[in-house]
Amino acid sequence: MRVFAMRSGLAITPTDEDRRRLVAVTADRNSPQTHVWRAPTVLLTADGAGIQAIVHRTGTSKTCVGPGRSV
């Protein structure tokens, strides 16, 4: 039986400029779609949201957000 727990030690601390750029990526209709999908995940992770909260807010699957996903 595999038991999964929250990953510890994962910290993302974007600067204010990084946050502005990530928000701009999601608003720009010419941004690559994969960037548009990943930007909110990065922002929510930086805000300390857990995997379930990110999945719920972004409408993605747990495998897209959870451990093992390379960014």
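1. The confidence score pLDDT is the predictor's confidence in each residue, running from 0 to 100. The protein has a mean pLDDT of 83, and 79% of its residues reach 70 or more. Among the helices (DSSP runs of H or I with at least four residues, numbered from the N terminus, strands being runs of E with at least two), confidence is lowest in α4, residues 62-65, at a mean of 85, and highest in α1, at 95. Where pLDDT is low, the predicted coordinates should not be read in detail.

2. On the basis of the note: this is a predicted model, in which local features need pLDDT of at least 70 and side-chain atom pairs count only at pLDDT 80 or more, whereas totals for chains, interfaces and linings use all residues. Residues are numbered from 1 along each chain as its sequence is written, and side-chain values use heavy atoms, with hydrogens and water left out.

3. How many salt bridges does a search of the whole structure find? The search finds two, a salt bridge being a side-chain nitrogen of Lys or Arg within 4 Å of a carboxyl oxygen of Asp or Glu.

4. In relative accessible area (buried under 20%, exposed over 50%, partly exposed in between, with a 1.4 Å probe and protein chains only), Glu17 is partly exposed at 41%, and Arg20 is exposed at 52%.

5. Arg19 forms a salt bridge with Asp47, where the closest N and O atoms are 2.7 Å apart. Because Arg19 lies in helix α1 and Asp47 in the loop between α2 (33-46) and α3 (51-58), the pair ties together parts that are 28 residues apart in sequence. Arg19 is partly exposed, at 27%, while Asp47 is exposed, at 52%.

6. Ser31 is placed in the loop between α1 and α2. The residue Ser31 is buried, with a relative accessible area of 14%. Its side chain reaches the backbone oxygen of Val25 at 2.9 Å. Apart from neighbours within four places in sequence, Ser31 is in contact (heavy atoms within 4.5 Å) with Val25 and Val36.

7. Which residues of α2 and α3 meet? Pro40, Thr41, Leu44 and Thr45 in α2 meet Ile54, Arg57 and Thr58 in α3.

Terms used:
A polar contact is a pair of N or O atoms within 3.5 Å; within protein, one must be able to donate a hydrogen and the other to accept it, and residues adjacent in sequence count only if both atoms are side-chain atoms.
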